[in-house]
Amino acid sequence: MRVLMTGGGTAGHINPALAIAEKIKKEHPDAEIVFVGAKGRMETRLVPAAGYAIKTVSVRGFQRRLSLKNIGRNILAAVNVVTSSVAAAKIVKDFAPDVAIGTGGYVSGPVLREAIRHGVPTLVHESNAYPGVTVKMLAKEGATVLLCSEAAKKHLPDGSEVIVTGNPLRPGFLTETKAAARAALGLDERPLVLSFGGSLGARRINEAMTEVLRLSHQEGKLQHIHGTGKTGFETMSAALKEAGVPLSADGISVREYIDNMPQCMAAADLVICRCGAMTLSELPAAGKPSILIPSPYVAENHQFHNAMTLVEQDAAVCIEEKDLTGERLWQEICAITDDPARIQAMADNVRKLAIADADERIYRAIRSKLK
């Protein structure tokens, strides 16, 4: 089986692709899998690290807000539309895949369009409840759309071929044990708080966590792993240094990106994060209580609605970004970690929301497309 995978830009697009690739390799160890990503983006690091070959094309998104600088960016984006299509066509022709699968990001559009044009069975997975423009376009052109939920169907064009699968997860979210993960990470008996704002970072979360780590370092009752994201590491490192907080000592680990997320989440007692679609699938799979901080910068405020699905089941606490301060976050952390019975109840509640067989559903959809 020859499989062309594409998706990138953020971990929310890359990790589902890696999860699908893992499932294919499990079922077909001799499968040949090649990824296509955007030149210079995160996938060019994460995909090879996972053991897969990757080819790149130059692609970028259009800026909606008009300014002199954005006009220049949009001209370059328009040029990339042409060059990326030419590059994608060559990759598809040379590799001759049996099936093409995309998981989102700007790079998915030109690659999957060329796959369709060359007669390759094509599937695109949409992890959010609000399908993006690229997914809608691909659905019109004949791609099979794999959705996270029934609710997303209504946002697709009439006549789209749709299969509800849930979101694929790396196996570690389902199989890693807390005891083994904590031992591997060298943790002691204190509760572990895992926090991150996404692969690109979230400034407000980093600012709040800087204050949390300062207070926590003084008390010493918790352990922390915090991922700053690409844009926040230097700023947060400098702020913590000024506050006398170590980046890697006394139960505190601050890093740019959390490469071993399934292991870290398995080890955690509480998770602090955004409410993207993949994270909201990972938390139930791992059975982790959470403090959710929805991004206010997304379409139709869908992260807030994502958060409410967990809050309404008493599986999470939500703090909107407009209300976020380090002191408020510290109070919420302590209210949960100081109460083992509450941690257990929240963990039990979140596990009820897990979809454990999404990878199997996706694999069946892929198999159905093979001749």
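Biologist: Before we start, what does buried mean here?
Modeller: Buried means under 20% relative accessible area. Also, keep in mind that this is a predicted model.

Biologist: Okay. So is Tyr52 buried or exposed?
Modeller: Tyr52 has 13% relative accessibility, so Tyr52 counts as buried.

Biologist: And how many aromatic pairs are there?
Modeller: The structure has 1 aromatic pair. Its rings belong to Phe35 and Tyr52, with centres 5.4 Å apart and planes at 50°, so the pair is tilted.

Biologist: Which parts of the chain does that pair tie together?
Modeller: Phe35 sits in strand β2 (residues 32–38), while Tyr52 is in the loop between α2 (43–49) and β3 (53–57), so the pair links parts 17 residues apart in sequence.

Biologist: What's the relative accessible area of Phe35?
Modeller: Phe35 comes out at 2%, so Phe35 is buried.

Biologist: Switching topic: which ring does Lys23 lie over?
Modeller: That would be Tyr363; Lys23 lies over its face, at 5.7 Å from the ring centre.

Biologist: Now the largest nonpolar core. Which residues touch the most other members?
Modeller: That core has 30 residues, and the ones touching the most other members are Leu194, Phe196, Met265, Val271, Leu292 and Leu310.

Biologist: Which elements give two or more residues to this core?
Modeller: Those are β8 (192–196), α10 (261–267), β12 (270–273), α11 (277–286), α12 (302–311) and β14 (316–318).

Biologist: What is Leu194 in contact with, leaving aside neighbours within four places in sequence?
Modeller: Its contacts include Ile225, Ile258, Met261, Met265, Val271 and Ile272.

Biologist: How many residues are in the second core?
Modeller: The second core is separate and has 28 residues, among them Met236, Val254, Leu329 and Trp330.

Biologist: Let's do β4. Which way do its residues point?
Modeller: In strand β4 (residues 99–102), Val99 and Ile101 point one way, Ala100 and Gly102 point the other way, and all are buried. In a regular strand, side chains alternate between the two faces of the sheet.

Biologist: In which sense does β4 pair with β1, parallel or antiparallel?
Modeller: Strand β1 (residues 2–6) pairs with β4 in the parallel sense, over 4 bridges. Thr6 stands opposite Gly102 there.

Biologist: How many bridges join β4 to β5?
Modeller: There are 3 bridges between β4 and strand β5 (residues 122–126), and these strands run parallel. Ala100 stands opposite Thr122 in β5.

Biologist: Through which helix does the chain cross from β4 to β5?
Modeller: The chain goes through helix α4 (residues 108–117), and this β-α-β crossover is right-handed.

Note on methods. Residues numbered from 1 in each chain as written. Predicted model: local features only at pLDDT ≥ 70, side-chain atom pairs only at ≥ 80, totals over all residues. Heavy atoms only, no water. Phe/Tyr/Trp six-rings, centres within 6.5 Å; stacked < 30°, edge-to-face > 60°. Buried < 20%, exposed > 50% of the residue type's maximum accessible area, 1.4 Å probe, protein only. Lys NZ or Arg CZ within 6 Å of the ring centre and 35° of its normal. Core = buried A, V, L, I, M, F, W, Y, C linked by side-chain atoms within 4.5 Å. Contact = heavy atoms within 4.5 Å. Pairing = 2+ DSSP bridges. Right-handed = clockwise from strand over helix to strand, strands pointing away.
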